[in-house]
Amino acid sequence: MLRKIDDYRYLVPTSHKEGMRIEGLIYANEELIRQIEKDQTLDQVANVATLPGLVGRSLAMPDAHQGYGFCIGGVAAADLKQGVVSAGGVGFDINCGVRLLVSPWSAEEVRPKLEPLLNQLFRDIPCGTGRHGLLAMSGSALDETLKDGAQWAVKKGFGEEADISRIEDYGRIQGADPSKVSSRAKQRGHDQLGTLGSGNHFLEIQVVHEIFDEILAQKLGLQLNQIVVLMHSGSRGLGHQVCTDYLDLMQEGMKRYGINVIDRQLACVPIRSPEGQDYLAAMAAAANFAFANRQMITHWTRQAFERILGKGTLYVVYDVCHNIAKREEHQVGTVRKEVLVHRKGATRAFPPGHSALPSELRPLGQPVLIPGSMGTCSYVLVGTEQAMAETFGSCCHGA
């Protein structure tokens with residue numbers, strides 16, 4: 001059923017499955033395709049293509065694997081008028097994301113103090129299922145966090161103003177409404193700021209091992225043998241509960257709107273419906289919680305390094321989110337239009353010159369952070385025009 005276009009792209013034609021409204025496209029080489037064909041990824045790409053109001057193609061990034069409804073690494077864009085929003089197309093860990101910090105220290109300077117540094121990080125940044133952070137929040141403070149994200153954290157002294165320009169959406173997604181987040185979700189998240197969580201979440205001390213573009217690396221503050229910190233965490237129990245709550249609401253909503261889906265995990269509602277708007281407002285609030293979470297982790301990481309290594313600033317290179325749905329303007333065929341882009345386990349990859357980037361990064365393109373599995377290499381890249389033309393400005397979120 002797959003049609004090989006070239007060494008890195010495989011087309012899923014609409015004839016692959018009854019009900020497909022658009023084609024699917026998988027970015028992979030032969031080795032990756034063999035892995036993809038072992039689970040339900042291909043079926044999930046095709047299933048997404050049956051949803052109403054999608055434009056372009058149902059996409060799967062190179063690290064695609066089976067997920068909930070959408071595959072992990074799935075990207076789909078919906079027309080704002082005719083299209084739908086799917087909680088499964090965003091995922092349970094809303095705005096799970098990756099942040100890279102660069103340090104002024106070399107590997108040789110850090111290695112003798114690595115053990116006490118790791119112990120300090122473990123003390124200051126809780127990890128594991130259900131762990132509580134160092135900061136318990138009142139209800140009003142939590143609502144402020146849900147509205148203002150990382151900007152709230154910086155205002156409270158947990159970071160620097162310079163951090164904000166190096167975070168996607170400046171650390172705050174517009175349209176967040178804390179009243180659309182259930183009391184259960186707030187209860188699950190109120191004491192989890194500054195915690196990593198479990199699963200594939202991590203905080204790693206890494207070394208810059210290889211540079212492919214000297215000029216670009218220099219402009220991003222990266223140099224060989226430099227110690228950097230990469231973190232991967234999201235919206236914790238709060239985001240998980242938001243997804244759970246709205247999946248149930250969408251299941252009911254589909255009956256009212258006459259929507260039938262090929263897989264109940266693809267529960268969705270029209271973007272413009274009250275349920276759709278409520279979900280997007282709650283999703284934005286959970287995303288802001290995740291931005292604040294990574295900002296708090298950054299603050300306590302800085303303190304741990306200072307305790308063990310002395311004075312020296314850890315600068316934010318960039319913070320990217322995945323598991324998100326965003327209103328963006330893209331070229332669709334011959335028309336430029338605003339669409340809602342679902343990125344499930346995929347990250348944004350905007351090109352040089354894009355207005356969403358801060359002025360100091362605009363000439364370079366958006367930094368794209370791709371973590372490796374434990375013990376394998378992670379990568380720093382930048383977005384390109386080809387990504388805008390082919391994938392709604394998207395890239396994989398895992399190496």
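A nonpolar core is a set of buried Ala, Val, Leu, Ile, Met, Phe, Trp, Tyr and Cys residues joined through side-chain atoms within 4.5 Å, where buried means under 20% relative accessible area (1.4 Å probe, protein chains only). The structure is a predicted model, in which local features need pLDDT of at least 70, side-chain atom pairs count only at pLDDT 80 or more, and totals for chains, interfaces and linings use all residues. Residues are numbered from 1 along each chain as its sequence is written, and side-chain values use heavy atoms, without hydrogens or water.

**View 1. The largest nonpolar core**. Among its 91 residues, Ile26, Val242, Tyr279 and Phe305 touch the most other members. Helix 11 gives the most to this core, with 17 residues; helices (H or I, at least four residues) and strands (E, at least two) are DSSP runs, numbered from the N terminus.

**View 2. Surroundings of Tyr279**. Neighbours within four places in sequence set aside, Tyr279 is in contact (heavy atoms within 4.5 Å) with Val85, Ala87, Val90, Tyr246 and Met250.

**View 3. Helix 10, residues 236-257**. Its 22 residues reach 31 Å from first C-alpha to last, close to the 32 Å expected at 1.5 Å a residue, the expected span being 1.5 Å times one less than the number of residues. Buried residues of helix 10 include Val242, Tyr246 and Met250. The buried residues of this helix pack against elements including helix 5 (139-148), strand 9 (226-233) and helix 11 (274-309). Just after helix 10, Gly258 takes a positive phi of about 65 degrees.

Methods
Buried < 20%, exposed > 50% of the residue type's maximum accessible area, 1.4 Å probe, protein only.
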